[in-house]
Amino acid sequence: MNQAPILTVTLNPALDLSTEVDEVKPDLKLRCAAPVTDPGGGGINVSRAIAVMGGESAAFVALGGATGTRLAELLDRADINLHCIEAPGETRESLAVTDRTTGQQYRFVMPGPTWQDRDAQAALDEIARAAPPGGLVVLSGSNPPGVPDDFAARLAARLADEQAGLIVDTSGPALRQLARGGHRVTLLRMDRAEAEELAGAPLPQRADTAGFAASLVLAGAAQAVIVARGDDGNIVAHETGQWHAESHPVEVVSKVGAGDSFVAGFTLATARGLDVDHALGWGAAMASAACMTPATELCRAEDAHRLFAERIVTRL
């Protein structure tokens, strides 16, 4: 299937380790199962999920030290087309531990190396050079320490010159910068708690969420705004309308990577020229499919296709 080119961006990647113990208790040596190791970080996970669904993307990643070398080797084995820049320090590791007794998962996320202004500027320049004209750039995941809050906003301005769309899944000050409006990125995604923080008020009903998302579109923050409402599904406000996708009733094994799988589904569908409601349905299907797999496995194609066929997407 034809698709526009996609470049994912991960400034703060991680070597993801996942394991299990019989029970998580303090002050004891906890005997763990053999760890599973995966390349991690928002944009990397988006590229991995796109590949699972038969799509293509390139991954722009900042890597450093021995951990960065190991992560690059894992990406190479996964046949991910890699654009690397040198990070200003050792690539971080993250740890997910599942308690077999309760089924609960504990996730430990390290901060990553600290960047200077010159590092951020160099990354902006390199991303702009690597951006595919007429394609999509996905900026997903946390900023490393030291990266300025307006990095995504500055990247949006640079990509406008390259005629490449920008999809952003971020949080905190970086999200607030974009939400102020005027950048018109292709898509801005957030969860319900982040939307309520930006709105300064609860958003209890779907109509409340849709109205707030539509206000961000009207302010020029993005052409489309998605708010994930957890078990209540996902809402998108677009210049052409507003839609809600029901969440799929699946058995949740692990939620790791579900948000990144959603972004991958929406991005790939958009790159393939599908309408926004179908893109929303693909995002919801791939996110639910990711919840069905252990640790950092992400989604399986057969699960995603089945769930997309069962989708319930309603115009609001």
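**View 1. Ser18 is placed in strand β2.** The model is a predicted one, in which local features need pLDDT of at least 70 and side-chain atom pairs count only at pLDDT 80 or more, while totals for chains, interfaces and linings use all residues. Residues are numbered from 1 along each chain as its sequence is written, and side-chain values use heavy atoms, with hydrogens and water left out. Helices (H or I, at least four residues) and strands (E, at least two) are DSSP runs, numbered from the N terminus. Ser18 is buried, its relative accessible area being 5%. Buried denotes under 20% relative accessible area, exposed over 50%, and partly exposed in between (1.4 Å probe, protein chains only). From C-alpha to C-alpha, Ser18 lies 6.7 Å from Thr37, a residue 19 residues apart from Ser18 in sequence.

**View 2. Cys32 lies in the loop that runs between β2 (14-21) and β3 (36-40).** With a relative accessible area of 47%, Cys32 is partly exposed. Neighbours within four places in sequence being left aside, Cys32 is in contact with Thr19, Glu20 and Val21; contact means heavy atoms within 4.5 Å. A separation of 36 Å lies between the C-alpha atoms of Cys32 and Glu56, which are 24 residues apart along the chain.

**View 3. An open sheet of 4 strands has the order β3-β2-β6-β7, with mixed pairing.** The edges are taken by β3 and β7 (105-109), each of which has a single partner strand, so one side of each is left without a neighbour in the sheet. Two strands are counted as paired if DSSP finds at least two bridges between them. From one strand to the next, the twist averages 20 degrees. Strand β2 runs parallel to strand β6 (residues 92-99), and 8 bridges join the two. Within this pair, Ala14 has Arg92 in β6 as its bridge partner. Helix α2 (residues 65-77) packs on the sheet and touches β2, β3 and β6; the directions of α2 and β3 make an angle of about 90 degrees. Axes are lines fitted to C-alpha atoms, for helices over the stretch in contact, and angles run from 0 to 180 degrees between N-to-C directions.

View 4. Strands of a sheet pair through backbone hydrogen bonds, in either a parallel or an antiparallel manner. Strands β8 (residues 136-140) and β9 (residues 165-169) run parallel and are joined by 5 bridges, with Asp169 in β9 as the bridge partner of Ser140.

**View 5. Strand β10 is mostly covered, 4 of its 5 residues being buried.** Strands β9 and β10 run parallel and share 3 bridges. Asp169 has Arg189 as its bridge partner in β10.

**View 6. Helix α5 (residues 172-179) packs against α6 at an angle of about 55 degrees, with the axes 11 Å apart.** The two helices, α5 and α6, are therefore oblique to each other. Angles under 35 degrees count as roughly parallel, over 145 as roughly antiparallel, 65 to 115 as roughly perpendicular, and the rest as oblique. The α5 and α6 crossing is right-handed: a crossing is so described if the near helix is turned clockwise from the far one by less than a right angle, and left-handed if anticlockwise. In α5, Leu175, Arg176 and Ala179 meet Glu194, Glu197 and Leu198 of α6. By class, this contact of α5 with α6 has 3 nonpolar, no polar and 3 charged residues. Ala, Val, Leu, Ile, Met, Phe, Trp, Tyr, Cys and Pro count as nonpolar, Asp, Glu, Lys and Arg as charged, and the others, Gly among them, as polar.

**View 7. The axes of helix α1 (residues 42-52) and helix α8 (residues 258-271) come within 8 Å and cross at roughly 55 degrees.** Helices α1 and α8 are therefore oblique to each other, and their crossing is right-handed. Gly42, Asn45, Val46, Ala49 and Ile50 of α1 meet Asp260, Ser261, Val263, Ala264 and Leu268 of α8. The residues of this contact of α1 with α8 divide into 6 nonpolar, 3 polar and 1 charged.
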